[in-house]
Amino acid sequence: MKLPTDLVLTPLQNGALGKGRPVMEWLTTFHLASVVLDPYTNESSWILRTATRVLEEFRGCDVRINLIVTAGAADAAAFLGPLTEKFLVFCDPDRSAVKALGLTELPAFVLTQVDGVVGAKAEGWNPEEWEKVADAIAAITKWSSIELPGAGDPVPFRGSPALG
C-alpha cells in the first residue's frame with residue numbers, strides 16, 4: 001500500500017500545531033517509524049511506555065521516529081506530556097493519516113518507506129507483530145532490532161477502533 005501524495009502530516013510544536021507538509025516531504029531523507037495512538041482510549045495509554053521504548057531503540061538510525069496522535073494539539077500535548085520534547089509528534093484529529101495507513105485498530109506500529117509505501121504494520125498490542133515491524137525497520141536501515149515483549153510490557157490485547 002502506498003500513501004497518497006496529498007496526505008499532510010502536521011507536527012506538534014511547542015504545544016501548538018506547526019506547519020503541515022505533504023507526507024513525501026517528511027520522507028525525503030528518512031523512512032518513518034510511527035506509533036499511532038488514540039489518546040481517548042485505555043489501549044493507547046497501556047502501550048505508551050512500551051511504544052516509547054521501542055522507538056528509542058531506533059533513535060540514531062536512518063528512520064524518523066515519531067508518534068501520530070489522533071487529537072488536536074492541546075489533547076495530544078496533555079496525553080504525551082514531556083514526550084512531546086523527546087519525539088516528533090504528528091496530530092491527526094481527522095484521522096486522515098490513520099485512514100491512509102489502512103489501520104483498523106489503535107495503537108499501531110507502522111514503517112513507511114521513503115517511497116511512501118507502508119512496509120510493515122502491526123495493530124493492537126501483539127508483541128510478535130510489533131517485533132516484525134521492528135525487524136523490517138532494522139533490515140531496511142541496517143540496524144539492530146528489538147525483542148518483544150520486554151520486561152514490564154503489557155499482555156497482548158486488541159486495539160480500539162482506529163476510526164473512533
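Here are some friendly exercises on the predicted model above, each with a worked solution.

Residues are numbered from 1 along each chain as its sequence is written. In this predicted model, local features need pLDDT of at least 70 and side-chain atom pairs count only at pLDDT 80 or more, while totals for chains, interfaces and linings use all residues, and side-chain values use heavy atoms, with hydrogens and water left out.

**Exercise 1. The overall fold**

Find how many helices and strands the chain has, and compare its radius of gyration with the value for a compact globule.

Solution. 
- Start with secondary structure, taken as DSSP runs numbered from the N terminus (helices: H or I, at least four residues; strands: E, at least two). The chain has six helices and 10 strands.
- Next, apply the globule rule, 2.2 Å times the number of residues to the power 0.38, with the radius taken over C-alpha atoms. For 164 residues the rule gives a radius near 15 Å, and the chain agrees with its 14 Å.
- Then look at the extents: the C-alpha trace spans about 35 × 30 × 30 Å along its principal axes.
- Finally, turn to contacts (heavy atoms within 4.5 Å). Of those between residues at least 6 apart in sequence, 63% join residues at least 24 apart.

**Exercise 2. The two sides of a helix**

Work out which residues of helix α3 are buried and which are exposed.

Solution. 
- Set the cut-offs: buried is under 20% relative accessible area, exposed is over 50%, and partly exposed lies in between (1.4 Å probe, protein chains only).
- In α3, which covers residues 73–80, the buried residues are A73, A76, F79 and L80. Their directions down the axis of α3 fall within an arc of 135 degrees, so these residues line one face of the helix. The arc uses directions from the helix axis to the C-beta atoms.
- After the helix comes G81, with a positive phi near 55 degrees.
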